[in-house]
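Let's take a friendly walk through this structure together. Have the sequence and the 3D view at hand as you read.

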Amino acid sequence: MKGLFITGTDTGVGKTVVSCSLAAAFARRGHTVGVMKPCETGDGDDAARLIAATGRPLPLGDVSPYRFALPASPEVAALAAGATIDLTRILESFETIARGSDMTLVEGAGGLLVPLGAGRNMADLARRLGLPIVIVARPSLGTVNHTLLTIEAARRRGLRVLGVILSRTREPAEPDEPSNPVAIARYGEVPILGTLPRLPSDDLSQLAEAAERHLALDRLLSLL
Ligand SMILES: Nc1ncnc2c1ncn2[C@@H]1O[C@H](COP(=O)(O)OP(=O)(O)O)[C@@H](O)[C@H]1O
Ligand SMILES: [Mg+2]
């Protein structure tokens, strides 16, 4: 089953924007794309946006088996709801979606070591699903350190890092921005799969076009 796990150096770095761009681009190429947002908290709409990007009527219960009302991290929100997050249940949902898809994109919550309870974290989930990871990072100052830390943590846990995608929430403002991808590639020994520019809207055809233009989609597909 082809798939990838999209993690980030932090929350709010562009995981959903990147995941929706990839899903929309692959769907437009004719792939049957599956998506998951295994844990979603508060009034988050990542799962709904991911489903929309596939152009398929995927059931929310499979895409997002754990949804909690408290706007907090998955472990805290689950605890508040008196629930526990069971990786086997997420794996079963993944298998249901992946069975009917050419490829499945799974968006984590926050970064790689975000706790899921019972001593487990997002890295354990990616391993349990048997998926390689793509790391979404900010293009700006601080990103080299955050991205290298994420790469090192992933590899220590036996995860395969397919590459890094940067996502711009604003125009380049800092003098180190052009050199950051170079430093990440060199010190992290990892492919940079592109930088998504700041996109004015989340219109699906714009997201798909941006992915086609700015991300190394063929390379990514060849790594799956
Ligand atoms: N390429 C981009 N262009 C415009 N806005 C972006 C881009 N990447 C991220 N953002 C914005 O930054 C915020 C966080 O992005 P999001 O994808 O939700 O992050 P995450 O899923 O990592 O929490 C959102 O408001 C989103 O619209
Ligand atoms: Mg998100």
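This is a predicted model: local features need pLDDT of at least 70, side-chain atom pairs count only at pLDDT 80 or more; totals for chains, interfaces and linings use all residues.

Glu189 sits in the loop between α8 and β10, and although it is not a glycine, Glu189 has a positive phi of about 45 degrees.

β9, helix α8 (residues 180-188) and β10 together make a right-handed β-α-β unit. Strand β9 (residues 161-167) and β10 run parallel and are joined by four bridges; in β10, Thr195 is the bridge partner of Leu166.

Now widen the view to the sheet. It is an open sheet of six strands with parallel pairing, and its order reads β2-β5-β1-β8-β9-β10. At the edges lie β2 (33-36) and β10 (192-196), each of which pairs on one side only. On average, neighbouring strands of this sheet are turned by 20 degrees against each other, direction ignored. Helix α7 (residues 143-156) packs on the sheet, where it touches β5 (103-111), β8 (133-137) and β9. The direction of α7 makes about 165 degrees with that of β8.

One last stop is Ala118, in the loop between β6 (115-117) and β7 (120-121). Ala118 is not a glycine, yet it has a positive phi of about 55 degrees. Is Ala118 buried or exposed? Ala118 counts as exposed, because it has 11 C-beta neighbours inside 10 Å and the cut-off for exposed is 12 or fewer.

Notes. Residues are numbered from 1 along each chain as its sequence is written. Chains are lettered from A and ligands numbered from 1 in the order in which they are written. Two strands pair if DSSP finds at least two bridges between them. Helices (H or I, at least four residues) and strands (E, at least two) are DSSP runs, numbered from the N terminus. Axes are lines fitted to C-alpha atoms, for helices over the stretch in contact, and angles run from 0 to 180 degrees between N-to-C directions. Two residues are in contact if their C-beta atoms, placed from the backbone, lie within 7 Å. A crossover is right-handed if, with the strands pointing away from the viewer, the path from the first strand over the helix to the second runs clockwise. A residue is buried if 20 or more other C-beta atoms lie within 10 Å of its own, exposed if 12 or fewer, and partly exposed in between; C-beta atoms are placed from the backbone.
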